[in-house]
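Please examine the model shown below before reading on. The paragraphs that follow lead through its helices, its sheets and some details of its backbone.

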Amino acid sequence: MRTTVGIIGGGPAGLLLARLLRLAGVDSVVLEARDRAYVEQRQRAGILEQATVDALRACGAGERMDRQGLVHDGVELRFDRRAHRIDFPSLTGGRRVMVYAQTEVVKDLIALQLDCGGPLLFEARATVVEGADTATPVIRFTQEGRERTLECDYVVGCDGFHGVARDAIPAGVRQTFERVYPYSWLGILADVAPSCDELIYAHSPRGFALHSMRSPLVSRLYLQVPNGEDPADWPDGRIWDELDARFAIDGDWKLDRGPITAKSVLPMRSSVTEPMRYGRVLLAGDAAHIVPPAGAKGLNLAAADVIVLARALAALRDTGSAELLDDYSRTCLRRVWRAEHFSYFLTTTLHNEPGQSPFATRLQTAQLDRIAGSKAAATDFAENYTGLPIG
Ligand code: FAD
Ligand code: DHB
């Protein structure tokens with residue numbers, strides 16, 4: 001098989017890239033290791049930045065999002081038993097975010113791809129990328145027990161943190177910068193209307209908690225837990241009691257409980273691999289960088305990478321100029337590191353480290369107090385949360 005752009009991975013990055021290339025008239029093939037149902041059900045992110053929303057709309061994947069997504073104009077920060085709202089549009093010149101689950105984004109993009117895109121092969125697992133520094137790189141993959149090859153002009157690794165594309169960059173060229181955190185999130189889905197109109201990020205002496213949502217009838221909540229925690233040790237009553245304690249404020253507020261339909265533990269790390277391009281192999285999304293989830297940046301960074309990349313590949317085809325492609329890694333890494341910093345900052349400001357000193361806790365609440373009380377600090381938070389311009 002032969003194509004212009006071979007895309008490894010049918011997550012948000014790979015699917016959006018295939019769609020953008022299709023609209024630019026560049027052909028591609030997507031290889032996805034798992035089956036369609038698995039990819040469509042995998043519970044992950046829930047918040048889309050303005051630029052991601054705009055990109056999905058512009059590529060024809062916004063219709064259901066605009067009907068079912070929930071537009072949010074702010075978030076609430078809770079600490080010291082007080083609640084503070086950060087208003088995005090007034091601080092950012094009108095930017096807002098959309099609550100629309102990654103599962104739904106993926107479903108919409110898969111439907112479009114199968115309807116009017118290039119080949120999207122499920123249960124097609126790439127094993128190795130060869131010839132990154134030649135004019136015709138090759139992806140070797142297995143499908144239905146058979147070994148196959150896909151010859152390409154360019155290979156894009158959208159295969160997530162555990163993918164194989166990163167290995168195409170020689171060890172002597174590749175650098176990975178990483179930090180692992182001493183806590184995880186226990187995430188739940190519950191069949192109960194959210195107890196808030198906007199997301200709540202809570203700092204408490206008992207640890208971090210986040211109240212998010214998936215729809216007007218489904219809540220998504222997270223609790224900081226120690227690494228290695230077993231969800232089986234968290235019966236439903238214990239989860240609701242702990243959430244209650246962490247969201248507690250002085251004044252009226254009540255967390256509504258309902259049947260919990262899913263529980264999982266999510267470890268967290270920060271990681272960046274540089275460069276994001278070697279020869280004719282390019283990395284995008286989680287294949288190149290991971291953020292801890294507190295800033296809601298993972299999916300949005302993946303979208304930003306492929307928007308930059310699709311533009312560069314379209315410019316190469318239209319004008320013959322490789323200038324944008326040559327700048328791909330530098331353009332993306334600048335934004336990636338900003339988002340890495342914001343995600344790290346929010347994570348370390350909101351979570352309690354094991355054995356954290358009272359001094360460190362006072363610094364955290366001083367920082368949160370600054371965001372709540374200063375327009376400059378709130379603006380910085382709002383600009384980062386709603387997403388910086390795509391370079
Ligand atoms: P992925 O979504 O990981 O997609 C990669 C795709 O490549 C997968 O479909 C995989 O099956 C496929 N693949 C892998 N290897 C191969 C191979 N060898 N051959 C072919 N296909 C392959 N972000 C947030 O902002 N908020 C959250 O709450 C949040 N929760 C998360 C929870 C979990 C458990 C995880 C893992 C991530 C979470 N993230 C969250 C991050 C966010 O979901 C990711 O940043 C986003 O999925 C990145 O998209 P991607 O397309 O780059 O990678
Ligand atoms: C969600 C996840 C996040 O990490 C976040 O910061 C906000 C929302 C979510 O899954 O809804």
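In this predicted model, helix α1 passes helix α8 in a right-handed crossing. Helix α1 comprises residues 12-23 and helix α8 comprises residues 298-319; their axes come within 9 Å and cross at roughly 30°. Angles under 35 degrees count as roughly parallel, and α1 and α8 are therefore roughly parallel to each other. From α1, the residues that make the contact are Pro 12, Ala 13, Leu 16, Leu 17, Leu 20 and Leu 21. From α8, the contact residues include Leu 299, Ala 302, Val 306, Leu 309 and Leu 313, and Asp 305 is also one of them. Sorted by class, the contact of α1 with α8 has 14 nonpolar residues, no polar residues and one charged residue.

Helix α1 also packs against helix α6, which spans residues 102-116. Two packed helices are described by the angle between their axes and the distance between the axes. For α1 and α6 the angle is about 35° and the axes are 10 Å apart. The crossing of α1 and α6 is left-handed, whereas that of α1 and α8 is right-handed. On the α1 side, Pro 12, Leu 15, Leu 16, Ala 18 and Arg 19 take part. They meet residues of α6, among them Gln 102, Val 105, Leu 109 and Gln 113. The classes in the contact of α1 with α6 are nine nonpolar, two polar and one charged residues.

The strands come next. Eight of them form an open sheet with mixed pairing, in the order β6-β5-β13-β14-β15-β12-β16-β19. Which strands stand at the edges? They are β6 (82-87) and β19 (289-290); each has a single partner strand, so one side of each is left without a neighbour in the sheet.

An open sheet of three strands, in the order β3-β7-β4, has antiparallel pairing. Its edge strands, β3 (47-48) and β4 (70-72), each pair on one side only. Three bridges join β4 to strand β7 (residues 97-99), and Val 71 stands opposite Met 98 in β7.

Two details of the backbone deserve attention. Most residues other than glycine have a negative phi, and most peptide bonds are trans. Asp 80 has a positive phi of about 50° although it is not a glycine. This residue is found in the loop between β5 (74-79) and β6, in a hairpin with two residues between the strands. The peptide bond from Glu 274 to Pro 275 is cis, with omega near -10°. Pro 275 is found in the loop between β16 and β17 (277-278).

Finally, the UniProt record, an unreviewed entry, carries the annotation "domain: FAD-binding" for residues 2-343. Over these residues the chain is 31% helix and 33% strand, and the end C-alpha atoms are 39 Å apart.

Conventions: Residues are numbered from 1 along each chain as its sequence is written. Chains are lettered from A and ligands numbered from 1 in the order in which they are written. This is a predicted model: local features need pLDDT of at least 70, side-chain atom pairs count only at pLDDT 80 or more; totals for chains, interfaces and linings use all residues. Axes are lines fitted to C-alpha atoms, for helices over the stretch in contact, and angles run from 0 to 180 degrees between N-to-C directions. Helices (H or I, at least four residues) and strands (E, at least two) are DSSP runs, numbered from the N terminus. Angles under 35 degrees count as roughly parallel, over 145 as roughly antiparallel, 65 to 115 as roughly perpendicular and the rest as oblique. A crossing is left-handed if the near helix is turned anticlockwise from the far one by less than a right angle, and right-handed if clockwise. Two residues are in contact if their C-beta atoms, placed from the backbone, lie within 7 Å. Ala, Val, Leu, Ile, Met, Phe, Trp, Tyr, Cys and Pro count as nonpolar, Asp, Glu, Lys and Arg as charged, and the others, Gly among them, as polar. UniProt positions are given in the numbering used here, feature names are shortened, and annotations may be inferred rather than shown by experiment. Two strands pair if DSSP finds at least two bridges between them.
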